[in-house]
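Here is a short report for a reader new to this structure. Look at the model below, then read on.

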Amino acid sequence: MNDLEDLPHRLLGIPITSNRCIVQFSGDMVRKIYKSSISFEAETIAYKRLSDKSFVPKVLSINEQFSYIDLEFIDAPTIFEYSVREGCIPRDFAINLYRIELSLAKLGLNSNPDLLKADHIFLDVPSKSPFTNGLRIIDFDVVFPVPEKSIRRNEWIQEQVDSVEDRYRFLKVDDANSREKFIGEVYGLVGDVAYDFEKHMEVFSEDSP
């Protein structure tokens with residue numbers, strides 16, 4: 001989906017339809033009606049595992065009979081909308097995205113390239129998600145939850161954690177390779193915007209999840 005096309009849908013309450021689900025907007029609630037049982041199951045598992053995380057929308061209800069989930073409507077700009085308005089992205093974007101991805105990995109929610117997209121990342125007020133300074137994400141119907149009873153669960157989770165740590169290595173040490181790869185990902189999200197990596201090096205904390 002394209003952000004410029006999604007903007008009026010999200011703000012005007014016009015439903016969005018994809019090959020996996022239909023998204024309906026009603027005041028401060030979003031209803032996702034799933035066409036795919038696989039997508040419904042994946043997102044249900046994801047939101048249950050993330051139930052204590054403020055960087056995702058609150059789940060209002062899950063209807064297994066009719067395969068839909070009611071969620072909190074995040075009334076905030078996407079990262080794309082923010083970058084267009086401000087001409088940059090937040091100085092702590094990298095560290096907070098790292099915290100989110102590491103949390104997902106530790107919960108056995110294997111990320112998919114479709115997960116972290118420009119219209120899936122929001123810049124809410126800090127009080128909505130203090131842990132990530134307001135950075136929040138949506139849409140988990142393309143994640144691959146590691147089965148709770150898998151004999152390789154711990155091994156798979158550790159592989160994902162190691163992968164996240166490797167991708168964000170530039171936050172801890174001066175690593176040009178991981179830094180350049182992340183710059184490429186940022187360009188993929190919002191295009192050519194200002195980004196100060198030295199500041200990100202300064203705000204990194206060992207209190208990460």
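## A buried histidine

His120 counts as buried because its relative accessibility is 4%, and the cut-off for buried is under 20%. The model is a predicted one. His120 sits in the loop that runs between β6 (109–110) and β7 (121–123). Its side chain has a polar partner: Asp139, at 3.0 Å. His120 is also among the residues that Ile137 touches.

## A buried aspartate

Asp124 lies in the next stretch of interest, the loop between β7 and β8 (135–137). Is Asp124 buried or exposed? Its relative accessible area is 11%, so Asp124 is buried.

The side chain of Asp124 makes a polar contact of 2.9 Å with the side chain of Arg136. Leaving aside residues up to four places away in sequence, Asp124 touches Ile74, Asp75, Ala76, Asn133, Gly134 and Arg136.

## The chain as a whole

The protein chain holds seven helices and nine strands. It has 209 residues, and 48% of them count as buried. The accessible surface is about 10900 Å². Carbon and sulfur atoms account for 52% of that surface.

Strands of a sheet pair through backbone hydrogen bonds.

Start with β2 (residues 21–26) and β3 (residues 29–34). Six bridges join these antiparallel strands. Next, β3 and β5 run antiparallel and are joined by five bridges. Here Lys32 stands opposite Ile69 in β5.

Which residues of strand β5 (residues 68–72) are buried? Five of its five residues are, and the strand is mostly covered. Four bridges join β5 to β4, and the two run antiparallel. Ser61 has Asp70 in β5 as its bridge partner.

β4 and β5 form a hairpin, with four residues between them. Ser67 lies in the turn and has a positive phi of about 55°.

## Helix α3 and its end

Helix α3 covers residues 79–86. Its buried residues include Ile79, Glu81, Tyr82 and Ser83. In an α-helix, residues three or four places apart point the same way, because there are 3.6 residues a turn. After α3 comes Gly87, with a positive phi near 75°.

## The nonpolar core

How many residues make up the largest nonpolar core? It has 50. Those with the most contacts inside it are Phe93, Ile121, Ile137, Phe140 and Phe182. Helix α4 (residues 93–106) gives the largest share of this core, nine residues.

Ile137 gives a view of the surroundings. Beyond residues up to four places away in sequence, Ile137 touches Phe55, Val56, Pro57, Ile100, Leu104, Leu116, His120 and Ile121. That list brings back His120, the buried residue with 4% relative accessibility.

Definitions and conventions: Residues are numbered from 1 along each chain as its sequence is written. This is a predicted model: local features need pLDDT of at least 70, side-chain atom pairs count only at pLDDT 80 or more; totals for chains, interfaces and linings use all residues. Side-chain values use heavy atoms; hydrogens and water are left out. Buried means under 20% relative accessible area, exposed over 50%, partly exposed in between (1.4 Å probe, protein chains only). Accessible areas come from the Shrake-Rupley method with a 1.4 Å probe; for residues, only the protein chains shown count as cover. A polar contact is a pair of N or O atoms within 3.5 Å; within protein, one must be able to donate a hydrogen and the other to accept it, and residues adjacent in sequence count only if both atoms are side-chain atoms. Contact means heavy atoms within 4.5 Å. Two strands pair if DSSP finds at least two bridges between them. A nonpolar core is a set of buried Ala, Val, Leu, Ile, Met, Phe, Trp, Tyr and Cys residues joined through side-chain atoms within 4.5 Å.
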